[in-house]
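I opened my notebook today to look at a protein chain piece by piece.

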Amino acid sequence: MNHSASPHESLACRHAGFTLLELLVVLAILALLGGLVGPKVMSQLGGAKTKTASVQIKDLENAAQMFKLDVGRYPGAAEGLGALVARPAAAPGWNGPYLEKNNVPKDPWGRDYLYEAPGRHGDIDIYSLGKDGSPGGDGENADVGNW
């Protein structure tokens with residue numbers, strides 16, 4: 001019984017793994033792909049936060065409409081958006097809370113939504129100042145509102 005390996009088996013054992021050069025080539029290719037795809041993905045994330053803010057503002061506006069149907073007016077500037085979850089002192093007919101989770105959400109950047117009544121753009125203005133928290137701006141820094 002001879003247990004020596006055949007020349008083909010010996011050759012297969014020597015080439016079973018990857019060489020360091022092959023691994024470096026694969027890592028270089030992955031780094032190039034990451035460099036090309038990464039910025040696109042990051043720009044989409046910024047757009048997603050702006051879209052999230054738009055959806056939340058629409059929900060807040062709908063809740064304010066329900067408040068108006070019950071009370072006969074929009075929440076006042078002093079009452080703010082908090083009037084959609086907690087009954088204000090001067091709100092006969094209030095039938096809230098008007099928001100699903102009984103709290104006013106923060107904007108996607110972690111700040112409170114701003115509320116003006118009367119608004120500069122309509123009966124009420126509900127808006128976020130975007131990522132930078134300053135009026136105006138472009139892209140993700142742009143203001144997002146119900147106008």
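Here are my entries, in the order in which I looked things up.

**Entry 1: the whole chain**

I noted at the start that this is a predicted model. I counted the elements and found two helices and three strands in the protein chain. Reading along the sequence, I wrote down the pattern α-α-β-β-β. Next I looked up burial: of the 147 residues in the protein chain, 24% are buried. The accessible surface of the chain comes to about 10000 Å². Carbon and sulfur atoms hold 61% of that surface. I also looked at contacts with a separation of 6 or more, and 37% of these join residues 24 or more positions apart.

**Entry 2**

Then I went through the pairs. Strand β1 covers residues 114-116, and three bridges join β1 to β2. Within this pairing, I saw that Tyr115 has Ile126 in β2 as its bridge partner.

Is strand β2 covered or open on its faces? I checked residues 125-128 and found both faces covered. Asp125 and Tyr127 lie on one side, Ile126 and Ser128 lie on the other, and all four are buried.

**Entry 3: a closer look at Ser128**

I stayed with Ser128, which is found in strand β2. Why does Ser128 count as buried? Its relative accessibility is 1%, and the cut-off for buried is under 20%. So Ser128 counts as buried at that 1% value.

Which residues does Ser128 touch, leaving out those up to four places away in sequence? I listed Ile57, Asp107, Trp109, Tyr113, Asp143 and Val144. Tyr113 is 15 residues from Ser128 along the chain, yet their C-alpha atoms are separated by 5.3 Å. With Asp107, the side chain of Ser128 makes a polar contact of 2.8 Å, side chain to side chain. The side chain of Ser128 also reaches the backbone nitrogen of Gly130, at 3.2 Å.

**Entry 4: salt bridges**

How many salt bridges does the structure hold? I found four, and I wrote up three of them, including one in helix α2.

- Glu61 and Lys58 meet through their side chains, at 3.6 Å from N to O. These two residues are three apart in helix α2, so about one helical turn separates them. Glu61 counts as buried at 16% relative accessibility, whereas Lys58 is partly exposed at 45%.
- Glu79 and Arg73 form another, with the closest N and O atoms 2.8 Å apart. Glu79 is partly exposed at 26% relative accessibility, and Arg73 is partly exposed as well, at 28%.
- Arg120 pairs with Glu116, and here the closest N and O atoms are 3.0 Å apart. Arg120 is exposed, with a relative accessible area of 62%.

**Entry 5: a nonpolar patch**

Last, I turned to the surface. Which residues form the nonpolar patch there? I wrote down Leu20, Leu21, Leu24, Val25, Val26, Leu27, Ile29, Leu30 and Leu33. Together they have about 890 Å² of accessible area. I picked out Leu24 from this list, and I found it in helix α2, which covers residues 20-71. Leu24 counts as partly exposed because its relative accessibility is 47%.

**Entry 6: what I keep from today**

I keep two residues side by side in my notes.

Notes
Residues are numbered from 1 along each chain as its sequence is written. This is a predicted model: local features need pLDDT of at least 70, side-chain atom pairs count only at pLDDT 80 or more; totals for chains, interfaces and linings use all residues. Side-chain values use heavy atoms; hydrogens and water are left out. Buried means under 20% relative accessible area, exposed over 50%, partly exposed in between (1.4 Å probe, protein chains only). Two strands pair if DSSP finds at least two bridges between them. Patches are made of residues with over 30% relative accessible area and no salt bridge: like charges are joined within 9 Å, nonpolar side chains (Val, Leu, Ile, Met, Phe, Trp, Tyr) within 5 Å. Accessible areas come from the Shrake-Rupley method with a 1.4 Å probe; for residues, only the protein chains shown count as cover. Contact means heavy atoms within 4.5 Å. A polar contact is a pair of N or O atoms within 3.5 Å; within protein, one must be able to donate a hydrogen and the other to accept it, and residues adjacent in sequence count only if both atoms are side-chain atoms.
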